[in-house]
Amino acid sequence: MREEKYAIRDTRYAIRNMIMASRQTKVSNQVLFILLLLVGGIIFIAPLSWTREFQSTFDNIFSWPLRFTTAVSLSTRAQKALPDVVSRREHNRLQNHLANVMQQLYQEHKKVEKLSGLRSRFPLEGADLVVADVIRASTGGQSEIIINRGKNDNDDLAKGQFVLGDNSIIGTISDVSSRTARVRLFTDSASKIAVKIGKLNIDRIMQGGGSNSATVRMIKHKVKTGDEVFARKKPGLLDTPMIIGKVAGCQRNKESPLLWDITVEPACNIEALNDVAVIIINPQ
Amino acid sequence: MRWFRFAVLIIVASVLQAGFLELLNFKPDLLLILLVFFAIYCKTSDAIIASFTIGFAADIIGSAMGPQIISFGLFGTALAYLHRVIAIKKIPYQSLVIFITATLTAVFAHLLTFLKLTFLEGRPTPPMIFAVLLVTSLCSALAGPFFFLPTGWWMRIKTNRLRIH
């Protein structure tokens with residue numbers, strides 16, 4: 001009986017000692033905070049190309065719920081169309097298609113005039129259009145979207161390829177991972193695309209403005225609001241000029257008041273896109 | 001602290017924020033609401049870990065990695081320590097705290113994003129739209145206290161009792 005009592009007492013002491021020891025090794029709040037802040041600092045300093053892996057992994061793992069919740073969000077925003085009236089989105093899509101066809105026709109006319117009798121390939125005839133679903137849509141702050149096509153899909157996706165949304169160019173592929181790809185919209189601050197401004201037929205570089213618009217600077221002539229802006233041909237990436245946006249505003253340049261700065265807005269509602277098409281010229 | 005439940009909650013909030021809420025014009029910041037919740041209702045050490053973890057999740061669904069983890073971690077920890085001195089129990093006070101925290105974290109995160117992209121990556125930073133920031137902070141402040149009850153139920157934390165650690 002007495003031995004049992006001593007055994008219980010010894011066990012109790014042992015447990016108490018263990019608790020005391022664990023209390024002594026317990027990390028204080030200050031140390032914990034500094035450790036976590038250091039981890040945050042390392043992630044902060046790490047290059048974007050490394051840390052993008054975290055984001056790509058998240059997009060890969062949760063691509064289905066992300067797509068589903070985005071689709072639910074879009075369906076709640078969609079308005080019911082009146083009978084015999086097409087929706088604004090459909091109207092814009094068809095308008096963009098018409099603009100592209102007209103531009104192709106214009107190009108063809110020019111070629112026919114210059115090279116009458118010579119055969120040429122119809123623009124985009126040899127191109128492959130890879131349709132992809134939008135996993136993460138663009139928002140006011142971000143100027144990129146993520147699509148569900150990547151290296152593993154054997155679609156020949158590569159950096160720099162143009163991406164179509166509702167028949168208009170919306171941006172270029174900026175990064176391709178195993179199962180997803182990032183599309184940098186032409187409105188992104190880092191985006192620079194050679195464009196042709198419709199009726200003036202002027203070639204310029206368009207730079208993204210970051211808030212659903214882009215800017216073409218230093219133009220000699222004033223341009224009308226609503227004029228179409230076309231992405232220029234680019235060997236191996238785009239065979240024919242295609243509509244990229246419309247002129248939303250034209251202001252005098254602050255440094256050179258004789259010149260004009262043009263604000264360009266996308267030709268489609270990029271936020272509402274469910275799917276896009278990547279243009280692959282000369283697919284293997 | 002039930003960490004498995006916490007992980008599930010953060011994943012669900014991140015997916016909803018990046019998918020469903022991303023396209024809405026008026027939206028609350030779910031991760032920020034959770035940051036305030038854990039800073040108010042958890043003991044300080046748990047609140048510090050939760051703040052940095054939520055910041056990491058916010059970075060994953062954001063544009064660049066790093067700014068949010070530091071911003072959320074700093075302000076979450078500060079709020080947890082503040083809560084030891086001032087009890088934030090009533091809904092209007094909770095709303096006010098969410099609004100202030102949302103504004104401060106967003107401004108600080110944008111500053112860090114600017115530093116990271118401009119000086120470390122050498123690329124331009126997207127402009128900060130103050131109207132969007134204010135609307136998001138306001139929506140979070142209005143909706144936040146109503147998320148506390150289901151969050152408390154899921155995390156098995158009693159939200160009607162003041163806990164001092």
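Q: What makes α2(B) mostly covered?
A: In α2(B), 12 of its 12 residues are buried. A residue is buried if 20 or more other C-beta atoms lie within 10 Å of its own, exposed if 12 or fewer, and partly exposed in between, with C-beta atoms placed from the backbone. Among the buried residues are B:L30, B:F37 and B:Y41. This is a predicted model: local features need pLDDT of at least 70, side-chain atom pairs count only at pLDDT 80 or more, and totals for chains, interfaces and linings use all residues. Residues are numbered from 1 along each chain as its sequence is written, while chains are lettered from A and ligands numbered from 1 in the order in which they are written.

Q: Which elements do the buried residues of α2(B) pack against?
A: They pack against α1 (3–18), α3 (44–60), α4 (67–85), α5 (91–121) and α6 (130–154) of chain B. Contact here means that the C-beta atoms of two residues, placed from the backbone, lie within 7 Å.

Q: What is the reach of α6(B), and what is expected?
A: α6(B) has 25 residues and reaches 34 Å from its first C-alpha to its last. That is close to the 36 Å expected at 1.5 Å a residue.

Q: Where does α6(B) have a kink?
A: The kink lies at B:G144, shortly before the proline B:P145, and is about 45°. The bend at a residue is the angle between axes fitted to the seven residues ending there and the seven starting there. Both B:G144 and B:P145 are among the buried residues of α6(B). Those buried residues pack against α1, α2 and α5 of chain B. Just after α6(B), B:R156 takes a positive phi of about 55°.

Q: How many helices and strands does chain B have?
A: Chain B has six helices and zero strands. Helices (H or I, at least four residues) and strands (E, at least two) are DSSP runs, numbered from the N terminus. Along the sequence, the pattern of chain B is α-α-α-α-α-α. Buried residues make up 49% of its 165 residues.

Q: What does chain A have in helices and strands?
A: Chain A has five helices and 12 strands. Of its 284 residues, 32% count as buried. Among its contacts between residues at least 6 apart in sequence, 60% join residues at least 24 apart.

Q: In what order do strands β6 to β11 of chain A close into a barrel?
A: Six strands close in the order β6-β7-β8-β11-β10-β9, and the pairing is antiparallel. The twist averages 40° from one strand to the next. Axes are lines fitted to C-alpha atoms, for helices over the stretch in contact, and angles run from 0 to 180 degrees between N-to-C directions.

Q: How do you know that β10 and β11 of chain A pair?
A: Two strands pair if DSSP finds at least two bridges between them. Strand β10 (residues 242–252) and strand β11 (residues 260–266) of chain A share seven bridges, in the antiparallel sense. The bridge partner of A:G245 in β11(A) is A:P266.

Q: In what order do six strands, β12 among them, close into a barrel in chain A?
A: The order is β1-β2-β5-β4-β3-β12, again with antiparallel pairing. Strand β3 (residues 162–165) and strand β12 (residues 275–280) of chain A pair over two bridges. In β12(A), A:V278 is the bridge partner of A:V163.

Q: Why is A:K222 called exposed?
A: A:K222 has 11 other C-beta atoms within 10 Å, so it is exposed. This residue lies in the loop between β8 (214–219) and β9 (228–231) of chain A. Leaving aside its neighbours within four places in sequence, A:K222 is in contact with A:C250 and A:W260.

Q: How many residues does each chain give to the contact between chains A and B?
A: The contact takes 36 residues from chain A and 33 residues from chain B. On the side of chain A, α2(A) gives the most, with 10 residues. That side divides into 17 nonpolar, 16 polar and three charged residues. Ala, Val, Leu, Ile, Met, Phe, Trp, Tyr, Cys and Pro count as nonpolar, Asp, Glu, Lys and Arg as charged, and the others, Gly among them, as polar.

Key: Expected span 1.5 Å × (residues − 1).
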